[in-house]
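Me: I have a structure open and would like to go through parts of it with you. Can we take it piece by piece?

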Amino acid sequence: MKLRNLVLLVLGYLLLINNAVAKPCKGNILVSSSSSEVIEEYNNRATVYLPLKIQVPDSLVSCANEIWVEDVYYYSLVFSGPTEDKYGKLLDEQFNTLSPRNGIWSMPLNSRTTQLWIRLRHYSLFPAGNYTGSVKVTLLRKSKVIDEQYLDVTYYSEPQIAISLDNSSQGKVSGSNGLYQIDLGDLKSNMRFYWGIKILSNSSYDVVLDSEFNGLRHESDTQSLIDYTIGFDNVKISSSERLMRSYNFYPGVRNTWYGFEFILGNTEMKPAGIYRDNLSLTVYPR
């Protein structure tokens, strides 16, 4: 009688072990990339970090042991863009570069959430528009696939404009951040003044050049004006006119130089005093 009970107890214990081993590893991972978490840096070159977050349910954390990340179509992370493809690097949570093997980035599953970053770089501003890449994330247990998810990762580069003085104009033109002053000194008929600027843009743009007072206006006698001619990019207009020009963006365009020429009109018989004008150069990206 005692022997039979012992046998039944052992069989029951073995049955419980077999049931535990046979329990399937089921569940789905969640792969996401939030545009609100994108990091942008502009130094000597433009760099963006696109988030790639992999979330694993508790039911899979205990049974899976590895994560694979790979491009859906290529052996590297390729993002198609408005002018050319960009090749990305995969980074870990601390922004350390990860190395692929045969086009696959492999890493151990250590926690419920794995934060990765995809780094894209450009020699200047990213040309404006959408950049899209496609990745596949696979969860494995001892090289056996448990679940896999596909995700399109996108980055939108906003149209941007930056205007700066060229080096030769530093000193004779003062100011910064788009607000500059030119001291013409003693005004003489037909006097000339030259300076230059650089426009850095990642899109096509329109330029509008306009004089606030339609000439140099006397500080107190506002009816007294000295007209002048302004030249921009080899186009000349009177101070009473407005200049409008359009420029199309090309992949090789980065910093574009434009020259100004100022030619003063007739100053004879004009009241003595200080004359001023506000000349605006406005660039509209499109």
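Me: Is Gln115 buried or exposed?
Reply: Bear in mind that this is a predicted model. In it, Gln115 has a relative accessibility of 13%, and because buried means under 20%, Gln115 counts as buried.

Me: Which strand is Gln115 in, and what does Gln115 touch?
Reply: Gln115 has its place in strand E8. Leaving aside residues up to four places away in sequence, Gln115 is in contact with Pro51, Leu52, Lys53, Asp92 and Glu93.

Me: How far is Gln115 from Ala46?
Reply: Along the sequence the two are 69 residues apart, and in space their C-alpha atoms are 22 Å apart.

Me: Which way do E3 and E8 pair, and over how many bridges?
Reply: E3 and E8, the latter covering residues 113–122, pair in the antiparallel sense over 10 bridges. To find one of these places in the model, look at Leu52, whose bridge partner in E8 is Leu116.

Me: What other strands pair with E3?
Reply: Strand E1, residues 30–32, pairs with E3 in the antiparallel sense over 3 bridges, and there Ser32 has Lys53 of E3 as its bridge partner. Strand E2, residues 39–42, is also antiparallel to E3, with 4 bridges, and Glu40 has Val48 of E3 as its bridge partner.

Me: How many residues lie between E2 and E3?
Reply: There are 3 residues between E2 and E3, and the two strands form a hairpin.

Me: New topic: how many disulfides does the structure hold?
Reply: The structure holds 1 disulfide, formed by Cys25 and Cys63, whose sulfur atoms are 1.7 Å apart. In general, a disulfide is a covalent bond between the sulfur atoms of two cysteines.

Me: Where in the chain are Cys25 and Cys63?
Reply: The pair links distant parts of the chain, 38 residues apart: Cys25 is in the loop between helix H1 (2–22) and E1, while Cys63 is in the loop between helix H2 (58–61) and strand E4 (66–71). The link of Cys25 and Cys63 is right-handed, with 50 degrees about the S-S bond.

Me: And are those two cysteines buried or exposed?
Reply: Cys25 is partly exposed, since its relative accessible area is 25%, whereas Cys63 counts as buried at 13% relative accessibility.

Me: Back to strands, what is the order in the sheet that holds E11?
Reply: That open sheet has 5 strands in the order E11-E14-E21-E18-E19, and the pairing is antiparallel. Strand E11 (161–165) and strand E19 (235–238) stand at the edges with a single partner strand each, so one side of each is left without a neighbour in the sheet. Neighbouring strands of this sheet are turned by 25 degrees against each other on average, with direction ignored.

Me: How many bridges join E18 to E21?
Reply: Strand E18, residues 228–232, and strand E21, residues 255–264, run antiparallel and are joined by 5 bridges. Tyr228 stands opposite Leu264 in E21.

Me: Last one: what is the order in the sheet with E16?
Reply: It is an open sheet of 3 strands in the order E17-E16-E22, with antiparallel pairing. The edge strands are E17 (225–226) and E22 (275–276), each pairing on one side only. E16, residues 216–218, is joined to E17 by 2 bridges, and Leu216 stands opposite Ile226 in E17.

Conventions. Residues numbered from 1 in each chain as written. Predicted model: local features only at pLDDT ≥ 70, side-chain atom pairs only at ≥ 80, totals over all residues. Heavy atoms only, no water. Pairing = 2+ DSSP bridges. Axes fitted to C-alpha atoms, helices over the stretch in contact; angles between N-to-C directions. Buried < 20%, exposed > 50% of the residue type's maximum accessible area, 1.4 Å probe, protein only. Contact = heavy atoms within 4.5 Å. Disulfide = S-S within 2.5 Å.
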